[in-house]
Every structure is written in C-alpha cells, then in structure tokens.
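Let's take a walk through this one, from the fold down to a single side chain. Have the viewer open as you read.

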Amino acid sequence: MFTGIVEEIGTIDRMTTEQNVIKMTIACQTITEDMHIGDSISVNGACLTVTSFDSSSFDVNVIKGTEDKTYLSQLTKGNHVNLERAMHSQGRFGGHFVLGHVDEVGSIIKIRPSSNSNIVTVQCPASITDQMVQQGSITVDGTSLTIFRLDHGQFDIHLIPETKRSTVLGQKRVGDKVHLEADMLFKYVQKAISNDKSELTKEKLMQFGF
C-alpha cells in the first residue's frame, strides 16, 4: 500500500533482460536507508519488489505481466523515475490509498501554463475515466493528484511548482506516457453497486461518502 506522495526521484542506472524478465537497477540517495530485500517500492506508480540493494541503488525485476501493463520496458539508462516506499503503519497519511497496480497507460496530449501551475491533459481509455469523479483522486506515475476536469477518455490535472520539482511529472512533455491507477475506494463502491445490478449515480456515490 502506498500514498502517492513521491519520496525521491531515482535514476535508471542499468537495464538488462534475461528469460523475459527485465532487471532494473535504480540509483537513489535516501530510500535505501531502511530498505530490506523483499520490500515493495513504487516505481512510477508500479509496485515492484526489491531483489538486492546497496547504499546508493537497488534492483527490481519487471516480469512479463507487469511489462504488458506498463511502459517500464521502454525506459532507458538515465531516465528518471518517481520512488515511494510502502506506507508505514505509523506514518502520516498524506495522499490517498494507492495499490501500485497500474490500471492503464495514458498519454499527455496538452500542457498549458497558468498563473500558478501547469494544466496537463491526459488521454486514456474510457474504461478508466469511467472509474473517476471530478475533484476525486487519480494516481499519475505514482503521484496522488486531483482530477480538475473530467471528460470521456481524458482528464486534466494541475501541477503546482512543488509537484513539478519533486516528481518526474515536471519533466514530462506532450506525447509522453504516464501510468494511471484509479482510486481504490471508488473501485470498491463501483463493485458493490454493480453487484446490486444498478447504475452508478451521484446519489449512490454520496451514500458511500463521496
């Protein structure tokens, strides 16, 4: 379980492939301080398992199933990635509940500067916008963000200066891909309602606390 609050930007130091498994070495500065083999790390929003580490880097494996659902196999040496350790049971909860299971890969189709942020439009399959609500939460490359405008197959997020500085989203350009994970709580509500063979309505969302 993660929060979508990026702890550090890491750098891809090495990528090799053996028997359809991608081994990725990620250089970093701080998150190895209390790291253990077997720990879960969110890498651009994808939950991966630490297989080895030292004081300045760690290794993870990207198996075929994860590769098919993400763009991780397209990363190369020198690329930057958002990193977050699994949520500590006694830590402060700052974002929203994030599983690290990528639902879809979206593409940035527009970036517009505003007075205090960049407005970024992401295009994605309608299957995931159907799991969103305006002013709700969305995880974009492992970053917890608010949906400011929602349409069929696309949505807008706002990147404030701190988000641009502390995540890889500030480095993204039009045409770049992003990992998307819809709000887990919304998924549970949607599942509960679908089991009742009824449609998802504003009134029912309000009954569930949205």
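What follows covers the sheet, the nonpolar cores and one leucine in a predicted model.

## The barrel

Start with the strands: 6 of them close into a barrel, running in the order β1-β2-β5-β4-β3-β6 with antiparallel pairing. On average, neighbouring strands in this sheet are turned by 45 degrees against each other, ignoring direction.

Zoom in on one pair and you'll find β4 and β5 joined antiparallel over 3 bridges. Here Ser52 sits opposite Asp59 of β5.

## Two nonpolar cores

The largest nonpolar core counts 21 residues, and Ile26, Ile41, Phe58 and Leu83 have the most contacts inside it. Two or more residues each come from β2 (21-27), β3 (40-43), β4 (46-53), β5 (57-62) and β6. Another core, of 17 residues, lies apart from it and includes Val122, Ile147, Phe155 and Ile157.

Ile41 is a handy one to click on. Setting aside residues up to four places away in sequence, Ile41 touches Phe58 and Leu83, and its other partners include Phe2, Ile31, Met35, Val50 and Arg85.

## A leucine in a loop

Where does Leu72 lie? You'll find Leu72 in the loop between α1 (64-69) and β6 (80-85). Leu72 counts as buried because its relative accessible area is 0%, against a cut-off of under 20%.

Beyond its neighbours within four places in sequence, Leu72 is in contact with Met15, Met24, Val43, Ala46, Leu48, Val62, Thr66 and His179. His179 is 107 residues away along the chain, yet its C-alpha atom and that of Leu72 are separated by 9.5 Å.

Technical notes
Residues are numbered from 1 along each chain as its sequence is written. This is a predicted model: local features need pLDDT of at least 70, side-chain atom pairs count only at pLDDT 80 or more; totals for chains, interfaces and linings use all residues. Side-chain values use heavy atoms; hydrogens and water are left out. Helices (H or I, at least four residues) and strands (E, at least two) are DSSP runs, numbered from the N terminus. Buried means under 20% relative accessible area, exposed over 50%, partly exposed in between (1.4 Å probe, protein chains only). Contact means heavy atoms within 4.5 Å. A nonpolar core is a set of buried Ala, Val, Leu, Ile, Met, Phe, Trp, Tyr and Cys residues joined through side-chain atoms within 4.5 Å. Two strands pair if DSSP finds at least two bridges between them. Axes are lines fitted to C-alpha atoms, for helices over the stretch in contact, and angles run from 0 to 180 degrees between N-to-C directions.
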